[in-house]
Amino acid sequence: MAYRFVHAADIHLDSPLKSLALRDPALAELIGNATRRAFVGIVDLCLDEGVDALMLGGDLYDGDQTSMKTARFLAGQLRRLDEAGIRTFVIRGNHDALSRITRELTFPDSVKVFGGRAEAVAVEGAGFDVVVHGLSFREPQAAESLLPKFRSPTPGAVNIGIMHTSLGGSEGHDAYAPCTEAELEGAGFHYWALGHIHKRRVLQARGGAPAVVMPGMPQGRDINESGAKGVSLVTVGDDRGVTVEHRRTSVAQFERVAVDLDGVADWGGVARAIDAALGLAREAAPSEHLVARLRVTGTTPLAWRLRREIDLLKAEADERAAALGAVSIEKIEVASLAPGPADGAAPGLPGDPLHELRRLIDEDVLGSNGFRAEMEAVAEELRAALPPECRNMLGSDPASFGATLDALVAEGADDVLARLGAGQDDAD
């Protein structure tokens, strides 16, 4: 016989998506529903594969939620597993520690929610001894490793540990219950079912070493969580060998899509380039819905117009997306360049007033210490006025904050020049 389970983490049910909602409420609703549908897909996978258990590695919720609609939805899905004889093992992550629902909701008897003290649960019916170890966050923060608090592996059994941890750290994720992969490998467990980092990462079992798996999240929520997402289907064989399979669960996937307009001289050519780029991206995306952020590049005489009329460009892209079906445009970034002046001078050299103005802006304005200080003060004031979950939009540390401001200022300068260049490329 074999012991089989689905390992998922970081579901973030009913994530508020406030930053996306500020730009596109309909798209925010689509992604919010996709998070629930992805969880339904996880339960469907468990039922279709006839697994023994579902293991959830933390952040089932997204924070301090009080909605009983979420509670009823979750209870209904776990009841489906209970009725099929499939057990569920749950640990609370940093987001779950804030949730009232986590503490108050009553689950079926087949659901084990680990508490703030480490426990080890023996599992029957696998044909060999299996012990599932788990430990939940008591509070939203955990500055120290949780590994020393876990119980020792049970001799002779297949030991599976569920932990919410940032491991050695990951870009975009705060440090939570840090530990090293070497420490996990040396703990004597056969499989570590991890959660917290939203990008999939697998250290497959080989040569007797345990499998250490971060399955990633089952549904992305913004462009920084791009790509198809999923869970792990795990099989522990009679020989105690571990096989890990990736199964996609994402309903909608975010992707950055490049649109090259090099040499395109008319608006019809722009539309055709967008259509072609979106078509290729749609074919390559395995998820049901594609959410695209377009980045327009290339040298084109329409460069200034594209910036000046970005709303028209967005409408054009939305129309092309609708024609393809199951495609949404999250945002458009314009990085195209205007060709050099007609007299043969290269871009940025004397002879082209707009490029000369840009040089003066770069050297005398953007390079000024006074301008930099004023810009940072305005940005800090803006960030303080944003909802807490949106404040990292400008960067989560000083370096990323500075880089974001540099990008915004450069984009703003290009937009100013685009408006000053009105009429130069409208003859098409």
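Predicted model: local features only at pLDDT ≥ 70, side-chain atom pairs only at ≥ 80, totals over all residues.
**Helix α3**

I started with α3, which covers residues 68-83 and has 16 residues. I looked up its reach from first C-alpha to last and found 22 Å, close to the 22 Å expected at 1.5 Å a residue.

Next I asked which residues of α3 are buried. I listed Thr-70, Ala-71, Phe-73, Leu-74, Ala-75, Gln-77, Leu-78 and Leu-81. I kept the helix rule in mind: residues three or four places apart point the same way, because an α-helix has 3.6 residues a turn.

I then checked what comes after α3 and noted Gly-85, with a positive phi near 75°.

I moved on to β3, residues 87-90, and looked for its partners. I found β2, residues 53-56, paired with β3 in the parallel sense over four bridges. In this pair I see Met-55 opposite Phe-89 of β3.

I also found β4, residues 111-113, joined to β3 by three bridges. β3 and β4 run parallel. Here I noted Thr-88 opposite Val-111 of β4.

**Helices α6 and α8**

How do α6 (residues 267-284) and α8 (residues 310-324) pack? I read an angle of about 45° and axes 10 Å apart. I therefore logged α6 and α8 as oblique to each other. I recorded their crossing as right-handed.

I went through the contact residues last. From α6 I noted Trp-267, Val-270, Ala-271, Ile-274, Asp-275, Leu-278 and Gly-279. From α8 I noted Leu-312, Leu-313, Glu-316, Ala-317, Arg-320, Ala-321 and Leu-324.

Key:
Residues numbered from 1 in each chain as written. Heavy atoms only, no water. Helix = DSSP H or I, 4+ residues; strand = E, 2+ residues; numbered from the N terminus. Expected span 1.5 Å × (residues − 1). Buried < 20%, exposed > 50% of the residue type's maximum accessible area, 1.4 Å probe, protein only. Pairing = 2+ DSSP bridges. Axes fitted to C-alpha atoms, helices over the stretch in contact; angles between N-to-C directions. Parallel < 35°, antiparallel > 145°, perpendicular 65-115°, else oblique. Left-handed = near helix turned anticlockwise from the far one by under 90°. Contact = heavy atoms within 4.5 Å.
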